[in-house]
Amino acid sequence: MGLTNPGQKISPEDHARRVREMFARISKRYDLLNHLLSGNIDQRWRRVVTEKLRPLIPANADILDVACGTGDLTVALFENTGARVIGIDFCRPMLELGARKYPQLSFVEGDALQLPFAEAAFDAVTIGFGLRNLSGIKTGLKELRRVLKPRGRAAILEFSKPTVPGFRALSGAYCNYLLPRIGGIISGSRSAYRYLPDSVARFPDQEALASLMRDVGFDDVAFQNLTGGIAALHIGRRAR
Ligand SMILES: C[S@@+](CC[C@H](N)C(=O)[O-])C[C@H]1O[C@@H](n2cnc3c(N)ncnc32)[C@H](O)[C@@H]1O
């Protein structure tokens, strides 16, 4: 069964349960497929997050990496910024893989929509390929803002809309035809890799996401397209 069918209304609780179960199902193959299906570009994108964030945060910063999965962005932040970093995710099998790979990091089990942290606890929050999976994008953005110190930064790495028309068609064909087949065979879950392009198609484009960020109280919002807009990195500052 697909995660969601177009037009089907499901409750936020059902959405969360299905997303959690889907990542639990593919967790063992998640890293392999990420690197294989993206030609390892995903790791370069995560490095860009750390490079852009580093000059914007204080020394000895505290960073929360939300929807951290198996910890690849968490570890990149830890290694490239010198910050204290906590990874949080609501899918235990993903977290367990992260904890096994990176025993030097701190991982917490919890929901991105109800973060178990006080208001204004972090200098920066990051979310890599996670926002798209939340049942409410705006609620998720508000929760990221809540745990940030005033003037703290949120960095959002997510798939986006390719900006060059020919490239857009090519990447659409790849995502809609090849990716579900390869992902399905290797992970054993065709629906998970069908859900991926569907969720990307439903996600706001670069400008729309920047505008949502401003709506919930971020200023100084800017984005950078990565690999022709296949992904984008948005950075915003908690306004007050
Ligand atoms: C595509 S993975 C991204 C993992 C990691 N950030 C990376 O860059 O590889 C998405 C992750 O979001 C997590 N996730 C989705 N919804 C969540 C929620 N409401 N709260 C916490 N984690 C969530 C999933 O469990 C999954 O591990």
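Predicted model: local features only at pLDDT ≥ 70, side-chain atom pairs only at ≥ 80, totals over all residues.
## Strands at work

Let's start with strand β1, which covers residues 62-66. This strand is mostly covered, with four of its five residues buried. Strand β1 has a partner in strand β2 (residues 84-89): the two run parallel and are joined by five bridges. If you want to find one of those contacts in the structure, look for I63, whose bridge partner in β2 is V85.

How do you get from β1 to β2? Helix α3 (residues 72-81) belongs to the picture here, and together β1, α3 and β2 make a right-handed β-α-β unit. Strand β1 also pairs with β4, again in the parallel sense, over four bridges. To spot this pairing, look for V66, which stands opposite I127 in β4.

## Salt bridges

Now for the charged side chains. Side chains of opposite charge can pair when their charged atoms come close. How many salt bridges turn up in a search of the whole structure? The count is 16, and three of them get a visit here.

One of them sits in helix α1 (residues 12-38), where R17 and D14 are three residues apart, or about one helical turn. Their side chains meet in a salt bridge, with 3.2 Å from N to O. Are these two buried or partly exposed? R17 is partly exposed at 34% relative accessibility, and D14 is partly exposed too, at 28%.

Another salt bridge joins R132 and E158, and its closest N and O atoms are 2.7 Å apart. R132 lies in the loop between β4 (122-128) and α5 (137-146), while E158 belongs to strand β5 (residues 148-159), so this pair ties together parts that are 26 residues apart in sequence. Both ends are tucked away: R132 counts as buried at 9% relative accessibility, and E158 counts as buried at 2%.

Then there is the salt bridge between the side chains of D219 and R237, at 3.0 Å from N to O. This pair links distant parts of the chain, with D219 in strand β6 (residues 218-226) and R237 in strand β7 (residues 231-238), 18 residues apart. Here the two ends fall into separate classes. D219 has 24% relative accessibility and counts as partly exposed. R237 has 18% and counts as buried, because the cut-off for buried is under 20%.

Salt bridges can also share partners, and that is how D14, R17 and E21 are joined into one network.

## Aromatic rings

Next come the rings. A pair of aromatic rings is described by the distance of the centres and the angle of the planes. The count here comes to five aromatic pairs. In one of them, W45 and F129 are tilted, with 6.1 Å from centre to centre and 45° between the planes. The pair links distant parts of the chain: W45 is in helix α2 (residues 41-53) and F129 is in the loop between β4 and α5, 84 residues apart. W45 counts as buried at 4% relative accessibility, and F129 counts as buried at 11%.

F129 has another ring partner, F159. Their centres are 4.8 Å apart and their planes stand at 40°, so this pair is tilted. It also links distant parts of the chain, from F129 in that loop to F159 in strand β5, 30 residues apart. Like F129, F159 is buried.

R20 lies over the face of F90, at 4.7 Å from the ring centre.

## The nonpolar core

Finally, look inside. The largest nonpolar core has 37 residues. Which of them touch the most other members? They are F23, W45, L53, I63, Y193, L226 and L233.

The largest share, eight residues, comes from α1. That is the helix where R17 and D14 sit about one turn apart.

Key:
Residues numbered from 1 in each chain as written. Heavy atoms only, no water. Salt bridge = Lys/Arg side-chain N within 4 Å of Asp/Glu carboxyl O. Buried < 20%, exposed > 50% of the residue type's maximum accessible area, 1.4 Å probe, protein only. Pairing = 2+ DSSP bridges. Right-handed = clockwise from strand over helix to strand, strands pointing away. Phe/Tyr/Trp six-rings, centres within 6.5 Å; stacked < 30°, edge-to-face > 60°. Lys NZ or Arg CZ within 6 Å of the ring centre and 35° of its normal. Core = buried A, V, L, I, M, F, W, Y, C linked by side-chain atoms within 4.5 Å.
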